[in-house]
Amino acid sequence: MKPCSTHRKPIAWLALDALDVQEARNLRAHLETCEGCRRYLEEISNVTERLIAAETEPDIQPSESFHQRVVGRLRAEESGSFSETVVAPLRARLLNWRVVLPVIGATALVIAAWSILEPRPGVLLPAPSGARAVLTPNVTNDLDPTISNYQMVANRSLEELDELLTRQGNRNPPPTPLYTASTLPRANASD
């Protein structure tokens with residue numbers, strides 16, 4: 001028969017004679033009715049008697065320096081360094097493949113998304129045909145007279161903007177079509 005699970009610990013304390021009087025009395029009353037707990041008390045009592053009989057006084061006394069070294073090492077283990085107290089449990093968890101594989105996969109996914117979405121400084125984005133002349137140095141092509149082209153040139157250098165505006169001001173504009181009453185489409189008289 002097995003002892004009652006709720007009485008195992010108190011039976012061990014009773015075998016060591018470490019229970020108070022009232023608890024010992026209640027436990028002994030239970031032992032009279034429970035065969036499993038009675039056998040468990042006998043086994044524990046035999047073990048404690050043998051352990052008490054085996055205790056002998058050692059003939060060897062450790063030196064004071066030995067005692068100091070042991071105490072020093074114990075204190076060093078108790079305090080532990082940062083790596084032992086924080087990093088070691090974290091390392092043990094991260095070495096578990098069930099954690100490592102998802103972490104590596106998520107990291108690879110983040111790096112891939114970042115590399116796709118992040119603009120690269122050395123790569124120029126396609127620009128309108130007029131803006132390409134601004135991006136390539138020493139090109140004599142004039143830009144289209146738009147505000148965005150002027151802003152790009154001004155961001156590079158105000159001298160370049162001045163040169164561009166001077167060139168565009170000095171060139172002969174294409175002939176503008178003249179509109180007269182005779183060239184305009186006539187409105188229907190019925191309107």
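The following questions and answers concern the predicted model shown above.

Me: On what basis are residues numbered and local features and side-chain values reported?
Reply: Residues are numbered from 1 along each chain as its sequence is written, and side-chain values use heavy atoms, with hydrogens and water left out. The model is predicted, and local features need pLDDT of at least 70, side-chain atom pairs count only at pLDDT 80 or more, while totals for chains, interfaces and linings use all residues.

Me: How many helices and strands are there in the protein?
Reply: Helices (H or I, at least four residues) and strands (E, at least two) are DSSP runs, numbered from the N terminus. From that terminus on, the elements run α-α-α-α-α-α-α-α-α. The count is nine helices and zero strands.

Me: What percentage of the residues in the protein are buried?
Reply: Buried denotes under 20% relative accessible area, exposed over 50%, and partly exposed in between (1.4 Å probe, protein chains only). The accessible surface of the protein, from the Shrake-Rupley method with a 1.4 Å probe, comes to about 16,600 Å², of which 59% belongs to carbon and sulfur atoms. Of the 191 residues, the buried share is 13%.

Me: At what angle do helix H2 and helix H3 pack?
Reply: Helix H2 spans residues 21-33 and helix H3 residues 35-54, with their axes 6 Å apart. Axes are lines fitted to C-alpha atoms, for helices over the stretch in contact, and angles run from 0 to 180 degrees between N-to-C directions. The packing angle is about 115°.

Me: Which residues in H3 meet those of H2?
Reply: Contact means heavy atoms within 4.5 Å. On the H2 side, the residues are His-30, Leu-31, Glu-32 and Thr-33. Their partners in H3 are Glu-35, Cys-37, Arg-38 and Leu-41.

Me: Which residues does Leu-41 contact, leaving aside its neighbours within four places in sequence?
Reply: Leu-41 belongs to the largest nonpolar core, and its residue contacts include Leu-31 of H2. Beyond four places in sequence, the partners are Ile-11, Leu-14, Ala-15 and Leu-31.

Me: Is Gly-36 buried or exposed?
Reply: Gly-36 lies in helix H3 and, leaving aside neighbours within four places in sequence, is in contact with Met-1, Lys-2 and Pro-3. Gly-36 and Cys-4 are 32 residues apart in sequence and 7.2 Å apart in space, C-alpha to C-alpha. Because its relative accessible area is 0%, Gly-36 is buried.

Me: What is the phi of Asp-17 near?
Reply: Most residues other than glycine have a negative phi. Asp-17 is found in the loop between H1 and H2 and, at 67% relative accessibility, counts as exposed. Its phi is positive, near 60°.

Me: Which residues does Ile-44 touch, not counting those up to four places away in sequence?
Reply: Ile-44 is located in helix H3. Ile-44 and Arg-8 are 36 residues apart in sequence and 9.9 Å apart in space, C-alpha to C-alpha. The residues touched by Ile-44 are Ala-12 and Ala-15.

Note on methods:
Core = buried A, V, L, I, M, F, W, Y, C linked by side-chain atoms within 4.5 Å.
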